[in-house]
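User: I would like to learn how to read a few features of a protein model. Could we go through them one at a time?
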Amino acid sequence: MDYSLVTYSDLPQLDPDDVFLANELAKRGYQCQPLIWNDPHADWANAGCAVIRSTWDYHLYYDQFLSWVKRVSAVTRLVNESPLVEWNSNKKYLQDLEACGVPIVPTHWLSAVEAKAEARDEVTQAAGRTCPATKDGASNFNLGAILLQHQWSRAVIKPCIGLATFGVEMIALTDEGIKSGLKHIEKLSTAGDIMIQPYIASVQTHGERALVYFKGEFSHAVRKTAFQPLRPAGRAGEEAVVAERDEIELGEKAIETVVSIVGKLPNYARVDVVRDEQQKPLVMELELVEPSLFLSMHEKAAARFADALLQMS
């Protein structure tokens with residue numbers, strides 16, 4: 001086998017979008033197969049180049065997935081490479097991008113330990129308070145205070161390890177919103193760290209733009225729907241768009257920063273960009289593990305992906 005496109009058990013024959021890549025490789029004379037990442041019978045040593053595509057349950061088996069990444073990397077070529085996957089699979093990578101000057105959506109980071117220690121106290125006192133306080137008003141974590149401090153009338157709570165809308169909840173700065181948010185945080189804290197971000201209104205107007213890059217070169221862009229559910233590419237209301245110059249430049253800067261941090265150029269990348277109230281583009285997410293690349297929505301996309309893979313040979 002020359003290439004194995006790696007998927008998960010709910011899409012054993014690949015996301016239909018990735019079939020475009022498989023067909024492009026076949027047209028060029030290469031053998032290509034789908035493989036489920038955690039199939040105990042998969043022969044990775046003879047899988048050829050293993051290209052991670054729709055491993056859309058990795059967040060549910062995170063430690064197992066990272067072990068799989070190391071194991072497969074030891075016996076064949078993995079794309080994207082393991083240092084990129086390991087770094088990018090936890091959304092704390094955004095901290096590294098921001099530290100290097102890449103503008104990201106403002107984020108309040110909350111450790112699971114902190115959330116567990118504080119959320120229970122605050123939940124019991126949240127009713128009837130716009131900005132509830134914990135015992136004696138002293139706490140390292142106060143959800144209402146965080147939103148007030150940042151002047152966020154609405155916020156989005158996410159797990160640091162997750163994909164699509166898994167574990168994502170939007171809340172308002174109201175009594176009920178704070179109560180709901182605290183309960184959600186307590187639930188998420190049993191699995192790992194948490195991030196809180198402002199709701200970016202432009203996702204409903206300008207839209208969240210997904211910019212696709214192969215070997216650092218911009219290919220095409222898609223407008224995603226707000227709070228897009230996990231579905232095969234192109235089946236959640238996405239549409240092809242023409243990316244604006246400042247969006248493309250931001251994506252390029254993000255990928256250049258990845259190279260400086262990790263020391264590897266991603267074979268494929270998707271940079272999700274939104275605009276703040278001043279219309280400044282911000283990185284919402286940088287996807288290097290298993291992003292939909294919307295190959296069916298640009299006539300040259302599959303060929304560009306195949307070219308990028310062949311450059312590795």
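User: Which exposed residues does the face of α7 turned away from its buried side carry?

Analyst: Keep in mind that this is a predicted model. On that face of α7, the exposed residues are Glu176 and Lys187.

User: Which residues of α7 are buried?

Analyst: Buried means under 20% relative accessible area. In α7 the buried residues are Gly177, Ile178, Gly181, Leu182, His184, Ile185 and Leu188. They lie on the same side of α7 because they cover an arc of only 165° around the axis.

User: How many residues does α7 have, and what is its reach from the first C-alpha to the last?

Analyst: Helix α7 runs over residues 175-188, which is 14 residues. Its reach is 20 Å, close to the 20 Å expected at 1.5 Å a residue.

User: What describes a pair of aromatic rings?

Analyst: Two values are used: the distance of the centres and the angle of the planes. In this model the count comes to twelve aromatic pairs. One of them joins Trp87 and Tyr93, with 5.4 Å centre to centre and 50° between the planes, and this pair is tilted.

User: Are Trp87 and Tyr93 buried or exposed?

Analyst: Trp87 counts as buried at 14% relative accessibility. Tyr93 is buried as well, with a relative accessible area of 2%.

User: Which residues do ring pairs link into a cluster?

Analyst: The cluster consists of Trp37, Trp44, Tyr58, Tyr62, Phe65 and Trp68, linked by ring pairs.

User: Where does the charged end of Arg53 sit?

Analyst: The charged end of Arg53 is over the ring of Tyr268, 5.2 Å from the centre of that ring.

Notes:
Residues numbered from 1 in each chain as written. Predicted model: local features only at pLDDT ≥ 70, side-chain atom pairs only at ≥ 80, totals over all residues. Heavy atoms only, no water. Helix = DSSP H or I, 4+ residues; strand = E, 2+ residues; numbered from the N terminus. Expected span 1.5 Å × (residues − 1). Buried < 20%, exposed > 50% of the residue type's maximum accessible area, 1.4 Å probe, protein only. Arc of directions from axis to C-beta. Phe/Tyr/Trp six-rings, centres within 6.5 Å; stacked < 30°, edge-to-face > 60°. Lys NZ or Arg CZ within 6 Å of the ring centre and 35° of its normal.
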